[in-house]
Amino acid sequence: MKNVKDIVYGAISGVVENTTDLYPSNFENLPAVQYIEDENSVYERTGNKEDKAYVRYIVDIWDRKSTSQTTLEIDKAISAIGLVRTSCKDVPEQGGLKHKHMVYEGIIDMDSEIVYWDK
């Protein structure tokens, strides 16, 4: 298992102050961002050692106005740490908020911490 949650948080929180790994409790300070580790599994193993880990993170953005600029900035920040965006879509939201849902994936070498992409 490769823990990169702090790295993902650092990338996102550098863009948006109201960033949390929980559902946002404050929609007064927008944009609001939630990120979660959706999967962290063994990708490659030799002997009794995990060589590479597969990780997937989900990022949700809420705002009263367009989420486009925040989406671009978060995409740039997360891409810089090596994860690859595999999905980005608008989510219908009641109450007038705009909502963007993004998914990032990568395969991380346990020793070198190089992030691979196999597709």
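Reply: Asp-90 is exposed, with a relative accessible area of 58% (exposed means over 50%, buried under 20%, partly exposed in between; 1.4 Å probe, protein chains only). The model is predicted, so local features need pLDDT of at least 70 and side-chain atom pairs 80 or more, while totals for chains, interfaces and linings use all residues. Residues are numbered from 1 along each chain as its sequence is written, and side-chain values use heavy atoms, without hydrogens and water.

Asp-90 has Lys-100 in E5 as its bridge partner. Their side chains also meet in a salt bridge (2.7 Å, N to O), defined as a Lys or Arg side-chain nitrogen within 4 Å of an Asp or Glu carboxyl oxygen. This pair links strand E4 to strand E5, 10 residues apart.

(Strands are DSSP runs of E, at least two residues, and helices runs of H or I, at least four, numbered from the N terminus; strands pair if DSSP finds at least two bridges between them.) E5 runs antiparallel to E3 (residues 49-63), with 12 bridges, and to E4 (residues 84-90), with six. Lys-52 stands opposite Asp-109.

E5 also forms a hairpin with E6, with five residues between them. In that turn, Glu-113 has a positive phi of about 65°. A salt bridge of 2.9 Å (N to O) joins Glu-113 to Lys-2, which lies 111 residues away in the segment before helix H1 (5-13).
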